[in-house]
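Colleague: I'm new to this one, could you walk me through it?
Modeller: Gladly, let me put it up here for both of us.

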Amino acid sequence: MLTDEKLTIVGAAGMIGSNMAQTAIMMGLTSNICLYDPYAPGLEGVAEELFHCGFEGVNITFTSDIKEALTGAAYIVNSGGAARKAGMTREDLLKGNAAIAEEFGKNVRTYCPDVKHIVIIFNPADITGLITLLYSGLKPSQVTTLAALDSTRLRSELSKHFGVSMDKVENCRTYGGHGEQMAVFASTAKVDGKPLCDLIGTSALSAEQWAEIQQKVTKGGANIIALRGRSSFQSPAYVSIEMIAAAMGGKAFRWPAGTYISNDRFDHIMMAWETAITSEGVVCKEIKGTPEEEKALAKSYEHLCALRDEVIAMGVLPPVSEWNKLNPNIK
């Protein structure tokens with residue numbers, strides 16, 4: 001096990017949460033896992049299933065009491081928001097899940113202010129993660145959100161198009177919002193050792209085909225809903241546990257993560273960025289794209305600012321100028 005410190009899975013009765021719990025056990029993250037969900041019967045069912053797996057060396061507890069779940073937690077992964085349904089965008093979930101994030105952040109501040117790292121899954125994750133950060137009182141380096149699925153979906157689409165294994169598609173990256181306004185970068189990626197930018201506009205990948213791939217990436221979540229009749233759960237569960245494993249000091253996380261950004265270009269926002277997640281927290285790295293990619297990233301930032309301002313207008317968050325009063329770690 002990487003640690004014996006407490007990992008709490010919030011939303012554990014759901015498909016993402018239950019898969020996260022099993023993945024964390026199978027990856028050997030910690031011997032101390034607590035499952036939380038307000039839906040007690042479903043939560044007990046998940047716990048029973050995990051008991052029946054016959055895992056060794058792990059103590060699995062479950063509770064519908066948020067105080068019990070969070071007290072003593074060193075790490076938290078939260079998938080406890082409303083799920084996306086057919087015809088909905090991530091942004092359609094904004095109002096209800098913003099309120100859930102606010103309550104969660106306040107509970108963290110009350111019951112586990114010494115938590116080391118939190119990963120937020122529920123959508124729109126850029127905003128729910130930001131709300132959690134502000135109300136929890138944590139440092140920006142302690143809260144990340146799941147943004148990697150857009151990059152993994154880009155890898156998948158390129159693999160299918162070129163007919164090569166996914167291992168031969170390297171360094172796929174999307175930045176900005178985890179939504180349909182994301183910035184899909186080509187300049188970072190390679191396919192079978194060849195720069196993707198050198199392939200776009202050739203017989204191997206026409207400009208039109210590249211545009212179609214970008215569209216498939218931005219609509220990747222909606223496609224899963226259309227195919228399965230429900231939102232993604234296996235991929236967000238696995239990738240989010242990879243994130244918390246890195247925060248525990250495990251294997252380096254391979255993909256962009258949603259993190260709080262405050263630099264000379266983007267400020268007071270949470271967005272997908274190139275990062276290193278370590279046991280000391282999140283470190284932001286430099287992003288450099290083509291002029292077109294930089295323009296797309298700026299547009300994605302504007303979209304996120306509009307969502308942030310909508311949450312402020314709803315009264316969930318105070319004006320940006322007052323954020324430091326709510327959380328002194330926000331400058």
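This is a predicted model: local features need pLDDT of at least 70, side-chain atom pairs count only at pLDDT 80 or more; totals for chains, interfaces and linings use all residues.

Colleague: Let's start with H4 and H5, so how do their axes cross?
Modeller: Helix H4 covers residues 94-111 and helix H5 covers residues 125-136, and their axes come within 7 Å and cross at roughly 30 degrees. Angles under 35 degrees count as roughly parallel, and H4 and H5 are therefore roughly parallel to each other.

Colleague: And is the crossing of H4 and H5 left-handed or right-handed?
Modeller: The crossing of H4 and H5 is right-handed.

Colleague: Which residues in H4 and H5 meet there?
Modeller: On the H4 side the contact includes Leu 94, Ala 98, Ala 101, Phe 104 and Val 108, along with Glu 102, Lys 106 and Arg 109, while on the H5 side the residues include Ile 127, Ile 131, Leu 134 and Tyr 135. Sorted by class, the contact of H4 with H5 has 9 nonpolar, 5 polar and 3 charged residues.

Colleague: Staying with H5, at what angle does it pack with H11?
Modeller: H5 packs with helix H11, which spans residues 291-313, at an angle of about 50 degrees, and the axes of the two helices are 10 Å apart. H5 and H11 are therefore oblique to each other, and H5 passes H11 in a right-handed crossing.

Colleague: What meets what between H5 and H11?
Modeller: Asp 126, Ile 127, Leu 130 and Ile 131 come from H5, and they meet Leu 304, Leu 307, Arg 308 and Val 311 from H11. That contact of H5 with H11 divides into 6 nonpolar residues, no polar ones and 2 charged ones.

Colleague: What about the peptide bond from Asn 123 to Pro 124?
Modeller: That bond, from Asn 123 to Pro 124, is cis, with omega near -10 degrees, and Pro 124 lies in the loop between strand E5 (117-120) and H5.

Colleague: And what is the phi of Asn 171?
Modeller: Asn 171 has a positive phi of about 55 degrees, although Asn 171 is not a glycine. You will find Asn 171 in the loop between strand E7 (169-170) and strand E8 (173-175).

Colleague: Changing topic, what volume does the largest pocket have?
Modeller: The largest pocket has a volume of about 540 Å³. Its lining is made up of 25 residues, and those that lie nearest the centre of the pocket are Thr 152, Arg 153, Ser 156, Ile 224 and Ser 235.

Colleague: Which elements give two or more residues to that lining?
Modeller: They are helix H6 (149-162), helix H8 (207-218), helix H9 (220-228) and helix H10 (234-247), and H6 gives the most to the lining, with 7 residues. By class, the lining of the largest pocket has 9 nonpolar, 7 polar and 9 charged residues.

Colleague: Back to H10, how do the axes of H1 and H10 cross?
Modeller: Helix H1, which is residues 15-26, and H10 have axes that come within 8 Å and cross at roughly 45 degrees. H1 and H10 are therefore oblique to each other, and H1 passes H10 in a right-handed crossing.

Colleague: And which residues in H1 meet H10?
Modeller: Those in H1 are Ile 16, Asn 19, Met 20, Thr 23 and Ala 24, and their partners in H10 include Pro 236, Ala 237, Tyr 238 and Ile 241. The residues of the contact of H1 with H10 divide into 7 nonpolar, 4 polar and no charged.

Note on methods:
Residues are numbered from 1 along each chain as its sequence is written. Side-chain values use heavy atoms; hydrogens and water are left out. Axes are lines fitted to C-alpha atoms, for helices over the stretch in contact, and angles run from 0 to 180 degrees between N-to-C directions. Helices (H or I, at least four residues) and strands (E, at least two) are DSSP runs, numbered from the N terminus. Angles under 35 degrees count as roughly parallel, over 145 as roughly antiparallel, 65 to 115 as roughly perpendicular and the rest as oblique. A crossing is left-handed if the near helix is turned anticlockwise from the far one by less than a right angle, and right-handed if clockwise. Contact means heavy atoms within 4.5 Å. Ala, Val, Leu, Ile, Met, Phe, Trp, Tyr, Cys and Pro count as nonpolar, Asp, Glu, Lys and Arg as charged, and the others, Gly among them, as polar. On a 1 Å grid over the protein atoms alone, a cavity is a set of points where a 1.4 Å probe fits but cannot get out, and a pocket is an open set with protein on both sides within 12 Å along at least five of seven lines; lining residues have an atom within 4 Å of a point. Grid points are joined across faces, edges and corners, and a volume is the space filled by probe spheres set on the points.
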